[in-house]
Amino acid sequence: MTIFSTFGLFIALSLLIALILAVIVIAPWMRAARLKASPVDNQLLDINVAVFRERLAELKTDKDTGTIDEAHYQNQKLELERQLLDVQRQVATMVPPSFKNRMMVFVWVPLLAALAYMLIGDRQPVFEFWEAEDKVGQVADDLLTGKIDQPPEWAIGEDGRQLITAMQANVHRHADDPNRWMRLSELFLSLEATDSALEALSRAYRLSPDNEEIATTYAQISFFANNGQLDADGRRVLEEVLRNNPQHEGAQMLMAMGEARASNFDQAESWIQRLRESIAAKPGDHTQALASLDELSANVIAQQAQAAEGVNVTITINASLLPLVQGDDVLFVAIRDVNGGAPYAAKRLPISVIRQGEANVSLSDLDAMMPERTIQSARAEKTQLAVIARISRSGNAGAESGDLSGNPVVIGSDQTEVNVQINQQIP
């Protein structure tokens, strides 16, 4: 839609407003003028006039018969005439406004509409949206419905912004279509907009929770977005997929990786074994897939050995602080030098790992921030280590006002168990 067609639309809307106002305001004025030219008979006024005439006749009869004197007759007659005049004033027809006053409405309505339009602000984004709809709206629909896999080069343009805008608008117009949300998430992933992709996938999953492809994709993207952590929502989605299809290999692999990342090594091995049995039962040569599982199993065993040399941290939250914990908070646990500096190991976990005010977290060289800066290297250098825990409102690694934290707990060189209590709020 061009600027000229938009201006034409503005003119049409202004005239429409003027006509509506004419119907509401001017039509009664015109009707009042017609009523004045040929007034409608008012039956109530006629009845009042007839009654006044009868009273005047009675007064005259009473004067002629001598019942009342001349002075009393004149006073009563004057009072009746005054009352009749008051009634006539109340039913008098409204005087219509002049032609000049009427024309002011037709002039001022478009003028005020134009002024309001100018004061709204920059309408360029609206024009750009209409242009994108006209240019690539059909291409966006074809992409979202699977009619085409790749957009034509002319539709991408310089940065593809018009196509992205058209696709988003299309999805919101068909907000009950899970497949469109799924394909929109693929677009966001190609743009490395992970948060937007997750939001689109969550909508697709809510619309179609029984769709295995949508469910596993949602769990997979959530898994990698959380730095390899399988949060409560992702775990719930995978468990639902496996409940409906116990042999789903993608869900089994994600469960194995998630359990390994959470240091639940026995559960991870169990999922790998189930996956190995499922693949081996299929006809054909699966040597490469089974070799990959053997490699994953070896990795889990190595991680278990490293974790055994780490520290198991039990985190408790003071009961008085539990009401301050919110669902989108983040738990940070780290081991660092008592004198400060970068942590030797750290984990960033969703607040859902805390259950009934307590959480168990394992920290080892698997959680090292840098390959050369590990817990084992610190202990070899006789560095005094301390464990810290903090609940962050913003999710940032640095402490901020309002975060919940506990005092650092110093650990010995061979200590593998430690308790940390979160018992204060940072002012």
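Select V107, W108, L111 and L112. Together they make a nonpolar surface patch with about 400 Å² of accessible area. A patch takes residues with over 30% relative accessible area and no salt bridge; like charges are joined within 9 Å, nonpolar side chains (Val, Leu, Ile, Met, Phe, Trp, Tyr) within 5 Å. Areas come from the Shrake-Rupley method with a 1.4 Å probe, and for residues only the protein chains shown count as cover. L112 sits in helix α4, residues 99-120. Helices (H or I, at least four residues) and strands (E, at least two) are DSSP runs numbered from the N terminus. L112 is partly exposed at 49% relative accessible area. Here buried means under 20%, exposed over 50%, and partly exposed in between (1.4 Å probe, protein chains only).

This is a predicted model, with residues numbered from 1 along each chain as its sequence is written. Local features need pLDDT of at least 70 and side-chain atom pairs 80 or more, while totals for chains, interfaces and linings use all residues; side-chain values use heavy atoms, without hydrogens and water.

**Helix α7**

Go to T165 in helix α7, residues 161-173. T165 is partly exposed, at 27% relative accessibility.

**Aromatic pairs**

The structure holds 2 aromatic pairs. Rings of Phe, Tyr and Trp (its six-membered ring) pair if their centres lie within 6.5 Å; planes under 30 degrees apart are stacked, over 60 edge-to-face, and the rest tilted.

Select Y205 and Y218. Their ring centres are 5.8 Å apart and the planes stand at 35°, so this pair is tilted. Y205 belongs to helix α9 (194-207) and Y218 to helix α10 (212-225), so the pair ties together parts 13 residues apart in sequence. Both tyrosines, Y205 and Y218, are buried.

Next, F223 and F224. Here the centres are 5.1 Å apart and the planes at 80°, so the pair is edge-to-face. F223 is buried at 4% relative accessible area, whereas F224 is partly exposed at 48%.

**Two positive phi values**

Select E192, in the loop between α8 (178-190) and α9. Its phi is positive, about 65°, although E192 is not a glycine. E192 is exposed, at 72% relative accessible area.

Then jump to Q356, in the loop between β3 (345-350) and β4. Phi of Q356 is near 55°, again positive in a residue other than glycine. Q356 is exposed at 83%.

**An open sheet**

Show β4, β1 and β8. These 3 strands form an open sheet in the order β4-β1-β8, with mixed pairing. Two strands pair if DSSP finds at least two bridges between them. The edges are β4 (358-363) and β8 (417-422), each pairing on one side only. On average, neighbouring strands are turned by 25° against each other, direction ignored. Strand β1 (311-317) runs parallel to β8, joined by 6 bridges. Pick out N312, opposite E417 in β8.

**Strand β5 and its partners**

Select β5, residues 385-392. It is mostly covered, with 7 of its 8 residues buried. Which strand pairs with β5 over 8 bridges? Strand β2 (330-337) does, in the antiparallel sense. L331 stands opposite I391 in β5. I391 also faces L404 in β6. Strand β6 (404-405) is antiparallel to β5, with 2 bridges. Strand β7 (409-411) is antiparallel to β5 too, with 3 bridges. Look there for L385 opposite I411.

Stay on β5 for R390. Its side chain meets that of D403 in a salt bridge (2.9 Å, N to O). A salt bridge is a side-chain nitrogen of Lys or Arg within 4 Å of a carboxyl oxygen of Asp or Glu. D403 is in the loop between β5 and β6, 13 residues from R390. Both D403 and R390 are buried.

The structure holds 11 salt bridges. Select D233 and R236, which meet at 2.4 Å, N to O. They lie 3 residues apart in helix α11 (232-244), about one helical turn. D233 is partly exposed at 27%, and R236 is partly exposed at 42%.

Now R261 and D367, at 3.5 Å, N to O. R261 is in helix α12 (249-261) and D367 in the loop between β4 and α15 (375-380), so the pair ties together parts 106 residues apart in sequence. R261 is partly exposed at 29%; D367 is buried at 6%.

Finish at D141, D177 and R180, linked in a network of salt bridges.

Key
Axes are lines fitted to C-alpha atoms, for helices over the stretch in contact, and angles run from 0 to 180 degrees between N-to-C directions.
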